[in-house]
Amino acid sequence: MSQNTEYRQQQLDEYRQGVMPLLRYIPWFENNAGQPGSTLYQGPETTEHSIGIPVYDATLLNFVREAGKSSLMDRNYRYTYSRGGIRTHEDERRAIASAELKDWDVLRGILSKYVMGGMTKSTLWAQGVQENIFLLVLKKMQEIIEFWDRPLDIR
């Protein structure tokens, strides 16, 4: 029995180390919930036939950079989606809301889709903000750790 407790504590320690640096972005995601995560550059030489270049908030870019370096990234996030039958934003929100400690990899997979997938399809970063996916994943990760361990100090 104590082996299970020790193993769970070791897991929680690893999870906490991965998620703690990202929790400081929660207030920003709360303030920007439902907002488009980017704008299109409109320079003086822009015409109606110009291709729009997305401009991202510096905080979002810092979050993506930091999350991309964290242990939370899962290169096989597509497997999480196919295994869980996740196809829409609503499916993602439902999976996040029902996640428990045993579903940590599902949360990692969803976060990875938006962070890593955004490296090639940058609209995913904007969707992650607009659909509140980043916010929901971070809050659920925080909730799981606090439930099983202790409250986190996220100053």
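Figure 1. Helices are DSSP runs (H or I, at least four residues), numbered from the N terminus. In helix 5 (residues 89-97), the buried residues are Asp 91, Glu 92, Ala 95 and Ile 96. Viewed down the helix 5 axis, these residues fall within an arc of 135° and so line one face of the helix; the arc is that of the directions from the helix axis to the C-beta atoms. Buried means under 20% relative accessible area, with a 1.4 Å probe and protein chains only; over 50% is exposed, and values in between are partly exposed. The model is predicted: local features need pLDDT of at least 70, side-chain atom pairs count only at pLDDT 80 or more, and totals for chains, interfaces and linings use all residues. Residues are numbered from 1 along each chain as its sequence is written, and side-chain values use heavy atoms, with hydrogens and water left out.

**Figure 2. Lys 140 in helix 8.** Lys 140 is located in helix 8 and counts as buried because its relative accessibility is 10%. Leaving aside residues up to four places away in sequence, Lys 140 touches Ile 96, Ala 97, Ala 99 and Leu 107.

**Figure 3. The largest nonpolar core.** This core, a set of buried Ala, Val, Leu, Ile, Met, Phe, Trp, Tyr and Cys residues joined through side-chain atoms within 4.5 Å, has 43 residues. Phe 29, Leu 60, Phe 63, Ile 110 and Phe 134 have the most contacts inside it. At least two core residues come from each of helix 1 (2-23), helix 2 (26-31), helix 3 (58-69), helix 4, helix 5, helix 6, helix 7 (123-130) and helix 8. Ile 110 touches Tyr 81, Ile 86, Glu 92, Ala 95, Ile 96, Ile 133 and Val 137, not counting residues up to four places away in sequence.

**Figure 4. Aromatic pairs.** Rings of Phe, Tyr and Trp (its six-membered ring) pair if their centres lie within 6.5 Å; planes under 30 degrees apart are stacked, over 60 edge-to-face, and the rest tilted. The count comes to 9 aromatic pairs. Phe 29 and Phe 63 are edge-to-face, at 4.8 Å centre to centre and 85° between the planes. This pair links helix 2 (Phe 29) with helix 3 (Phe 63), 34 residues apart, and both residues are buried. The rings of Tyr 114 and Phe 134, with centres 6.1 Å apart and planes at 75°, are therefore also edge-to-face. Tyr 25, Trp 28, Phe 29, Phe 63, Tyr 114 and Phe 134 form one aromatic cluster.

Key:
Contact = heavy atoms within 4.5 Å.
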